[in-house]
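Biologist: Hi! Could you show me how to read strands, helices and single residues in a model?

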Amino acid sequence: RLIGGLAWCEKEGPAGTVANALPFYGSYGEALALPNLPDDAIILLYQTFLDGCRDRDVVAATIITSPFAERDRTEWHIESLSPDIIDNRLCQMTSLPDCRGLCRPEAEKRVLNVLRGSARRAVRKARKEGVSVRPAASLDEVRIVANLHADNIDGKGGLSKPLSFFRFAWQLQQAPTSQAVVLVAEWHGKIIGGVVMFETNDTLEYHTTGMDMEHSNTRPTNAIVFGAMVDGSIRGLRYINFGGTWKTQEGIHRFKASFGAEDRDYQYLTWLFDPTLLHQTAEQLAADYPGFFVVPYSALDGTT
């Protein structure tokens with residue numbers, strides 16, 4: 001019987017083929033396994049992946065550890081697999097109160113107690129300004145969120161998610177057993193913000209956002225996150241995972257921490273089969289391998 005698995009994607013580029021054990025950037029890429037599966041079996045999955053990469057002359061391969069995994073297990077995997085580069089990352093996650101069986105006003109009070117001062121004030125301000133939160137009602141509304149997201153990220157020189165990603169989330173939202181929802185914040189009939197949320201097991205995943213910066217003072221994202229936390233706690237979800245945060249993103253870290261999020265470490269593990277990749281520039285790698293992780297930019301030597 002099937003007891004575990006490891007999925008990965010590969011992309012060809014001018015410097016060779018790159019392999020990533022993750023379904024899409026912004027996700028974790030550990031092996032999936034049944035509970036209590038021996039670590040030796042999980043190591044075998046990784047070794048098979050890496051051996052295949054070597055046989056096919058892949059130039060670099062990356063696995064992303066899970067912040068939910070036991071630390072001893074992650075450390076043993078790192079010691080056993082000996083990656084060439086370890087890039088430490090930070091994840092933020094909030095434990096939700098158990099609000100099953102409670103009416104919504106009572107659940108809101110409990111969730112507010114989890115929030116820290118700045119988030120509480122922002123939620124109250126959003127309500128005072130008349131911001132309402134609901135699931136997107138059409139693909140056109142999802143496109144609005146996608147455009148806001150692109151404006152936010154591309155304007156900072158980042159890599160925004162393509163429209164196809166938002167369409168995918170919308171399709172999942174329409175499924176009978178929905179595992180995704182595009183939540184929108186509406187103000188005087190206008191959509192001024194949105195958040196793509198995923199749900200798996202007992203965890204709500206805060207994944208991708210977009211906001212109309214002209215209306216940022218109404219705190220639409222705070223309103224959306226708070227509403228999602230209340231809904232999740234009523235349904236018995238245990239966590240909301242805010243995902244990775246760069247150590248340089250102090251403002252984003254404070255925003256997530258204001259929702260009661262605690263820090264958890266995880267790692268990008270990279271095997272460098274062709275050291276000449278380190279002579280590339282960050283701009284060149286981003287252009288040649290869009291959506292893929294090649295090596296940490298901090299490891300590049302800056303030459304061409």
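This is a predicted model: local features need pLDDT of at least 70, side-chain atom pairs count only at pLDDT 80 or more; totals for chains, interfaces and linings use all residues.

**Reading the sheet**

Modeller: Happy to! Strands β10 (residues 203–211) and β11 (residues 239–245) run parallel and are joined by three bridges.

Biologist: Which residue in β11 is the bridge partner of L204?

Modeller: L204 is bridged to I240 in β11.

Biologist: In what order do the strands of the open sheet come?

Modeller: Read across the sheet, the ten strands follow the order β2-β3-β5-β12-β6-β11-β10-β9-β8-β7, and their pairing is mixed. At the edges are β2 (9–13) and β7 (132–135); each has a single partner strand, so one side of each lacks a neighbour in the sheet. On average, neighbouring strands are turned by 25° against each other, ignoring direction.

Biologist: Which strands does helix α1 lie across?

Modeller: Helix α1 (residues 39–55) lies across β3 (16–21), β5 (60–64) and β12 (262–272), and runs at about 160° to β5.

Biologist: How many residues apart along the chain are P105 and V230?

Modeller: They are 125 residues apart along the chain, while their C-alpha atoms are separated by 9.4 Å.

Key: Residues are numbered from 1 along each chain as its sequence is written. Side-chain values use heavy atoms; hydrogens and water are left out. Two strands pair if DSSP finds at least two bridges between them. Helices (H or I, at least four residues) and strands (E, at least two) are DSSP runs, numbered from the N terminus. Axes are lines fitted to C-alpha atoms, for helices over the stretch in contact, and angles run from 0 to 180 degrees between N-to-C directions. Contact means heavy atoms within 4.5 Å.
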